[in-house]
Amino acid sequence: ARQQIAKLFKLKENEVIFTSGATESNNLAIKGVCFKYSNRGKHIITSAGEHASVLNSFHQLEEKFGFRVTYLPIYDDGKVRLDDLKKAITDDTILVSIMAVNNEVGSINDIEEIASYLKSFPKIMFHVDATQAIGKIDLSYRDVDLVSISAHKINGFKGSGVLLKKENADLAPLLS
């Protein structure tokens, strides 16, 4: 399974982490990056329309661990705007987390445009919750550092998921 997933996404086998689903993948990606790279900065960015597992991770980091969070607005079309992201980035930003497809209204964020822009910020990791996108729309994740997937959305087993993690993205473990 690891070989098949790695081949499908053009990754190395060590870049595929099995989880219990997208909630665990989201938590591991977000908190793993923040705990690992907090020495680089404590500003993180997401959108106001993310899945609860992402929003609750950001709230916890903000309330319990002193991270400063920018919640990008969602517009009438259900999407974030690149201009808002550009204005939100600071020298202290270490993570941007934006879902590919909204789980409630179906809007599709321009992940490739965001990823292309963020390439010019080497200390910022880009996480995408792709749970609603995988197998439904064609997106390139080439320039995305971390991608969360839930298997049951693509006819896999409930209670299983994957975090795709590029080698450049080190994570602090959540469990010790």
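Which element supplies the largest share of the lining of the second largest pocket? I find that α1 does, with three residues.

Basis. The model is predicted; I take local features at pLDDT of at least 70 and side-chain atom pairs at pLDDT 80 or more, while totals for chains, interfaces and linings use all residues. Residues are numbered from 1 along each chain as its sequence is written, and side-chain values use heavy atoms, without hydrogens and water.

Second largest pocket. I looked up its volume, about 210 Å³. A pocket here is an open set of points on a 1 Å grid over the protein atoms alone, where a 1.4 Å probe fits, with protein on both sides within 12 Å along at least five of seven lines; lining residues have an atom within 4 Å of a point. The volume is the space filled by probe spheres set on the points, which are joined across faces, edges and corners. At least two lining residues come from each of α1 (2–8), β6 (146–150) and β7 (161–165); helices (H or I, at least four residues) and strands (E, at least two) are DSSP runs, numbered from the N terminus. I note Leu8 and Phe9 among the lining residues.

Largest pocket. Its space is about 310 Å³. I count 17 lining residues, with Leu8, Phe9, Leu139, Tyr141 and Arg142 nearest the centre.

Asparagine 27. I place this residue in helix α2 (residues 22–37). Asparagine 27 is buried, at 16% relative accessible area (buried means under 20%, 1.4 Å probe, protein chains only). Its side chain makes polar contacts with the side chains of lysine 31 at 2.7 Å and serine 57 at 3.0 Å. A polar contact is a pair of N or O atoms within 3.5 Å, one able to donate a hydrogen and the other to accept it; residues adjacent in sequence count only if both atoms are side-chain atoms.

Technical notes:
Buried means under 20% relative accessible area, exposed over 50%, partly exposed in between (1.4 Å probe, protein chains only).
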